[in-house]
Amino acid sequence: MRLTSKIVTTAFAASLAFSTPVSAVGLQDETEINNGLLAVGIADEIRKRCDSISARTFTALSFLSSLKREARSKGYSSDEINRYTKSKTEKAKMRSRGEAYLASKGASTSDPASMCLLGRAEIKKRSQIGLLLRAK
């Protein structure tokens, strides 16, 4: 595995760490944080399935750090964030949201060409997903 792939995979795994409920009202209700995590997850799926697109690794790591800082600034402890990151239920919800987004854009993880089209479109419009990607 290339270093970039390993870093992005680690970053994506870290991003999923934010996807676990702390309580009835918790990180799962933090829209901005969860939308950011979703963008990281979608960008990771695009770069894994499209050979002509790569990750902006350091941009992704910096963005993930900013999401964690945002959670901390809202009063979540490291323990709460860590518990949130381990929830299989929340990871499944995030994956479902990601799949719905892909489908809404006509893309599928089983169709690399559609993932490349989506990736290039996201890069062109400079969306949060696009900012995490680079066309090769």
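Select Asp44, Glu45, Arg47, Lys48, Arg49 and Arg95: these residues are linked in a network of salt bridges, where a salt bridge is a side-chain nitrogen of Lys or Arg within 4 Å of a carboxyl oxygen of Asp or Glu. The model is a predicted one, in which local features need pLDDT of at least 70 and side-chain atom pairs count only at pLDDT 80 or more, while totals for chains, interfaces and linings use all residues. Residues are numbered from 1 along each chain as its sequence is written, and side-chain values use heavy atoms, with hydrogens and water left out.

Glutamate 45 is buried at 7% relative accessibility, whereas arginine 49 is partly exposed at 29%. Here buried means under 20% relative accessible area, exposed over 50%, and partly exposed in between, with a 1.4 Å probe and protein chains only.

Next, select lysine 74 together with glutamate 30 and glutamate 70. Lysine 74 forms a salt bridge with glutamate 30, the closest N and O atoms lying 3.3 Å apart. This pair links distant parts of the chain, 44 residues apart: lysine 74 sits in the loop between helix H3 (57-73) and H4, and glutamate 30 in the loop between helix H1 (3-16) and helix H2 (31-49). Glutamate 70 also forms a salt bridge with lysine 74, with 3.6 Å between the closest N and O atoms. Glutamate 30 is buried, with a relative accessible area of 17%; lysine 74 is partly exposed at 41%, and glutamate 70 is partly exposed at 25%. A search of the whole structure finds 9 salt bridges.

Proceed to cysteine 50 and cysteine 116. They form a disulfide (a pair of cysteine sulfur atoms within 2.5 Å), their sulfur atoms being 1.9 Å apart. The link is right-handed, with 115° about the S-S bond. Both cysteine 50 and cysteine 116 are buried, and the structure holds 1 disulfide.

Then centre the view on serine 87, in the loop between helix H4 (78-85) and helix H5 (88-104). Serine 87 is buried, its relative accessible area being 9%. A polar atom of the serine 87 side chain lies 3.0 Å from the backbone nitrogen of glutamate 90.

Finally, display the whole protein chain. Its secondary structure comes to 7 helices and 2 strands, and from the N terminus the elements run α-α-β-α-α-α-α-α-β. Of its 136 residues, 43% count as buried. Among contacts (heavy atoms within 4.5 Å) between residues at least 6 apart in sequence, 76% join residues at least 24 apart. The chain exposes about 7,400 Å², of which carbon and sulfur atoms supply 53%; accessible areas come from the Shrake-Rupley method with a 1.4 Å probe, and for residues only the protein chains shown count as cover.

Methods:
Helices (H or I, at least four residues) and strands (E, at least two) are DSSP runs, numbered from the N terminus. A polar contact is a pair of N or O atoms within 3.5 Å; within protein, one must be able to donate a hydrogen and the other to accept it, and residues adjacent in sequence count only if both atoms are side-chain atoms.
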